[in-house]
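Please look over the protein shown below before reading the report that accompanies it.

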Amino acid sequence: MEMPIPSDFRIARKSELMSRLRAVLPPECVIDDPMETRAYECDALSAYRCAPLGVVLPYTTEQVATALKICFEMDIPVVPRGAGTSLAGGSLPTADSIILGVARMNDVLETDYANRFVRVQTGRTNLSVTGAVEADGYFYAPDPSSQLACAIAGNIAMNSGGAHCLKYGVTSNNLLGVRLVTMQGEIVDIGGAQLDAAGMDLLGVICGSEGQLGVVTEATLRILHKPEGALPVLIGFDSNEVAGACVSDIIRAGVLPVAIEFMDRPCIRATEEFAKAGYPDCEALLIIEVEGSPLEIEEQLEKIMSIAAAHDPVEVRRANDSDEAARIWLGRKSAFGAMGQINDYMCLDGTIPVSKLPYVLRRIGEMSQQFGLGVGNVFHAGDGNMHPLILYNANEPGQLELCEQFGAEILKLCVEVGGCLTGEHGVGIEKRDLMDHQFAPDDLEAQMAIKDVFDPKWLLNPAKVFPLAASERRRDQGL
Ligand SMILES: Cc1cc2nc3c(=O)[nH]c(=O)nc-3n(C[C@H](O)[C@H](O)[C@H](O)COP(=O)(O)OP(=O)(O)OC[C@H]3O[C@@H](n4cnc5c(N)ncnc54)[C@H](O)[C@@H]3O)c2cc1C
């Protein structure tokens, strides 16, 4: 993966930068010991690493603003970071940048049940937002599989989704407002505490902007009443394509389960060895969860089972209590970890129209043969958000490059069938050079013009999102 050549001029200013930051921030907020900055060299796309100049971990929005003002004055690039679980290299630093992490900013600032929102500092983990309100019968809906670790900051930047987003939508559908600090150190409030705020919908620009426009320090999030009940059913099939066709038929029939998750044989096998969830021996399985009152659950399950029956399932397993439900979810929730135990892998992320699932799954199987690399599929099938896991050997020269080529072909296929390069993991460094397969030059120009306004020197999160050559030209102009 090509990255910009780091600036010797900036690297030479490291000690001046650190002294200026230390003069205005608490001592523990500024880190430049190489042993301590190691933890920030990469995110969950761990094939790519780079040591930053230093790391700043503020407690408050005002401290974020102070740090950004100094970096702006000194022309130092800044990489915003939540928990570092990005699978697209979104929080990968460059050697001449600092990481600005919000991990210490994890307080709940306001809870308002009458108006159904919670306001948090963005370093708070996704799961602990629900943790703060669940005793009162509420929850925060977007649920990335990384929710135990990932922060609301990264969720907003990547417009993250999760298993239950089929029904509740992704982060942008559950975000009401943000407090954002610009690269110049200005603090701005965008959106509010209601579904629609006065003025232009800038919130839609910020959510999914991958740390390109500012550092988000606070978020107002919509919370929902917990449903009366929920029940998953597991359905096994003898081919990926048939399972894909079943998903497409369920969506076409107008049933709206809360989640439809897909796993193929390589993932089922790895998961069984790892988590022993008791999954059936089959080529592909779907986990479909419905929720509501007991009557609503029965009605939805009946429809789903009858659609599935038309696809000759090899197994149908319905959870009858919370223990059985937890066992059905156990394998799916451990799938990424389980695959990591048996192989190096690169997790892709693209979205396709649900009706194209059978075709795309078949083509991925064929490409796997052509490239000679194994692939496992585990993904949110209900909204067409695919996650092929390409298996490779990181220690064998050339395998990473082959894996990247295979990944690029899969993502181009997603665009070809009418889908898009990004699902929920964003663009980061992983997909930036494929952006011109999705967008015409004018479209990309319009997107970069938005960054010009928020970040005129192009210092925020360099070398991400936009094709490298285009963003390098912009950076040269900006300085
Ligand atoms: C095992 C596993 C499972 C996953 N499952 C899912 C899933 O189901 N759904 C899903 O959507 N994702 C998933 N992910 C990907 C990842 O967890 C999400 O992208 C998540 O939102 C990243 O959050 P983070 O706090 O770790 O962000 P980071 O990795 O720290 O950063 C991600 C991006 O956000 C930017 N950013 C971080 N903080 C800020 C800030 N304060 N202001 C502005 N920009 C900022 C960064 O610069 C970077 O571009 C998974 C990852 C793993 C490892």
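## Basis of the model

This is a predicted model, in which local features need pLDDT of at least 70 and side-chain atom pairs count only at pLDDT 80 or more, while totals for chains, interfaces and linings use all residues. Residues are numbered from 1 along each chain as its sequence is written.

## Domains and their contact

The domain assignment gives domain 1 (8-103), domain 2 (108-225) and domain 3 (229-416), with bounds that come from an automatic or database domain assignment. The centres of domain 1 and domain 2, taken over C-alpha atoms, are separated by 23 Å.

Between these two domains, 18 residues of domain 1 are in contact with 22 residues of domain 2, where contact means that the C-beta atoms of two residues, placed from the backbone, lie within 7 Å. On the side of domain 1 that touches domain 2, α4 (61-74) and β3 each supply at least two residues; helices (H or I, at least four residues) and strands (E, at least two) are DSSP runs, numbered from the N terminus. The most is given by α4, with seven residues. That side of domain 1 divides into eleven nonpolar, six polar and one charged residues, where Ala, Val, Leu, Ile, Met, Phe, Trp, Tyr, Cys and Pro count as nonpolar, Asp, Glu, Lys and Arg as charged, and the others, Gly among them, as polar.

## Surroundings of the ligand

There are 36 residues around the ligand, and of these Gly-82, Gly-90, Gly-154, Ala-157 and Gly-211 come nearest; a residue is near a molecule if its C-beta atom, placed from the backbone, lies within 6 Å of it. The elements giving two or more residues to this shell are β3 (78-81), α6 (152-158) and β10 (215-222), and the largest share, five residues, comes from α6.

Both domain 1 and domain 2 take part, each contributing at least three residues to the shell. Sorted by class, the shell holds 15 nonpolar, 17 polar and four charged residues.

## Helix α9 and its partners

Two packed helices are described by the angle between their axes and the distance between the axes. The axes here are lines fitted to C-alpha atoms, for helices over the stretch in contact, and angles run from 0 to 180 degrees between N-to-C directions. The axes of α9 (residues 240-252) and α13 (residues 357-371) come within 7 Å and cross at roughly 155°, so the two helices are roughly antiparallel to each other, a term for angles over 145 degrees, with under 35 counted as roughly parallel, 65 to 115 as roughly perpendicular and the rest as oblique. In their contact, Asn-240, Glu-241, Gly-244, Ala-245, Val-247 and Ser-248 of α9 meet Leu-357, Pro-358, Leu-361, Arg-362 and Gly-365 of α13, a set with five nonpolar, four polar and two charged residues.

With α11 (residues 294-309), α9 packs at an angle of about 140°, the axes being 10 Å apart, and these helices are therefore oblique to each other. Cys-246, Asp-249 and Ile-250 of α9 make this contact with Ile-304, Ile-307 and Ala-308 of α11, and its residues comprise five nonpolar, no polar and one charged.

## Helices α13 and α14

The axes of α13 and α14 (residues 399-416) come within 11 Å and cross at roughly 155°, so this pair is roughly antiparallel. The contact joins Val-360, Arg-363, Ile-364, Met-367 and Phe-371 of α13 to Leu-402, Phe-406, Glu-409, Ile-410 and Leu-413 of α14. By class, the residues of this contact divide into eight nonpolar, no polar and two charged.
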